[in-house]
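I opened this entry to keep track of what I looked up, beginning with the strands and moving on to the helices.

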Amino acid sequence: MSASTNSLRVLVVGCGNMGSSHAIAYQSLDGFEICGIVSTGNSKAVLNERLGGGYALFDDYTTALAETKPDAVCISTYPDTHEAFAIQAFEKGCHVFIEKPVADTVDGAKRVVAAAEKAGKKLVVGYILRHHPSWEKFVEVAREMGKPLVMRMNLNQQSHGTMWTVHRNLMKSLSPIVDCGVHYIDVMCQMTRSKPVQVNAIGARLTNDIPADNYNYGQLQIRFEDGSVGWYEAGWGPMMSETAFFVKDVIGPNGCVSIVAKNAGAAGKSDNVDSHTKTESLRVHRANLDANDQFVEADTWIDMQDEPDHQELCNREQRYFLRAIQENIDLTDHMQDAVNSLQIAFACDESVRTGQPVLL
């Protein structure tokens, strides 16, 4: 546990997949020091051991906050606790890194942002794809394709074993198109830089293992003010198909750009978290035709050799969190984007439940 006197003391709350990765980032990066680990179950002991031991462990968040007096709190618990935990941290004068979504309601997300602003503290939301060089490039090339854009994206997961347990737990409070969809809605908003005006969505409940009012397959469609349209599809569970489960495709008047994940898109990889962030290569197609209606340019491949794995992406997120605090970066847009993408995702949920389009 090496740390300088200037290190930010971080309380790690939630020790699942994301919480563990963030904790490993805090331990490995200069500028952070873990002051405590919180979880209701045994996961904190497992994480403590993985980190080499010696950290203060807590079952109760409020107690941990009072006893450790952290500078910052990292919240990677299930979404139904996000709002209360974040507001409590701000009231204690802490900065907050929170896994998406900010809260499990839009109003809750707005309350979290308001609490951050009132406390004068930083709120960074875990939009991991914003720190990924390939996704940044994907957004950049998509913007070269003209307007309107057609954006086609999905991530279906044939989950079993521990991943199915995680998915079932998530579906106690959220649908897959809200939990995963916020990432891709955020990407679409970055690509179009246009206001979403309408959503339409469908969903199906393919298992009795989830609450009666939830669904484990969903597909959403968004219309933007500039005429752009996008769809996103997400399904979780042992019944899901691994045919075309990984589609990341953007089309515009000038051509199209696609993420082609040769390895991540292979059979048996759909519920592998590491492969979700792997993009591997971008295929760029230009629509220009010559006098004979033949393509002027052959398709080009942008090979992404600097492919950060899941852990390195978490490291990059935490470096950004540190910089936001140290350099007092204005996070107004960052917070607003997080609320917007959640608002759109919940409008999709409403559309699934009512069978009607929702105007934004």
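The notes below follow the order in which I looked things up.

I kept in mind throughout that this is a predicted model.

I began with the open sheet of six strands, whose pairing is parallel and whose order I wrote down as 3-2-1-4-5-6. Its edge strands are strand 3 (57–58) and strand 6 (123–125), each of which pairs on one side only. Within this sheet I followed strand 1 (residues 8–13) along strand 2 (residues 32–38), where the two pair in the parallel sense over six bridges, and I noted that Leu8 stands opposite Phe32 in strand 2. I then found helix 3 (residues 61–68) packing on the sheet, where it touches strand 1, strand 2, strand 3 and strand 4 (72–75), with a direction at about 170 degrees to that of strand 1.

I picked out Leu282 in strand 13, which Ile259 faces as its opposite residue, and which in turn stands opposite Ile302 in strand 14.

Last, I asked at what angle helix 9 (residues 181–192) and helix 12 (residues 332–354) pack. The angle is about 115 degrees, with the axes 9 Å apart, so the two helices are roughly perpendicular to each other. Their crossing is right-handed. Among the residues that meet there, I noted Val182 and Ile185 in helix 9, and Leu342 and Ile344 in helix 12. By class, this contact has six nonpolar, one polar and two charged residues.

Notes
Residues are numbered from 1 along each chain as its sequence is written. This is a predicted model: local features need pLDDT of at least 70, side-chain atom pairs count only at pLDDT 80 or more; totals for chains, interfaces and linings use all residues. Side-chain values use heavy atoms; hydrogens and water are left out. Two strands pair if DSSP finds at least two bridges between them. Helices (H or I, at least four residues) and strands (E, at least two) are DSSP runs, numbered from the N terminus. Contact means heavy atoms within 4.5 Å. Axes are lines fitted to C-alpha atoms, for helices over the stretch in contact, and angles run from 0 to 180 degrees between N-to-C directions. Angles under 35 degrees count as roughly parallel, over 145 as roughly antiparallel, 65 to 115 as roughly perpendicular and the rest as oblique. A crossing is left-handed if the near helix is turned anticlockwise from the far one by less than a right angle, and right-handed if clockwise. Ala, Val, Leu, Ile, Met, Phe, Trp, Tyr, Cys and Pro count as nonpolar, Asp, Glu, Lys and Arg as charged, and the others, Gly among them, as polar.
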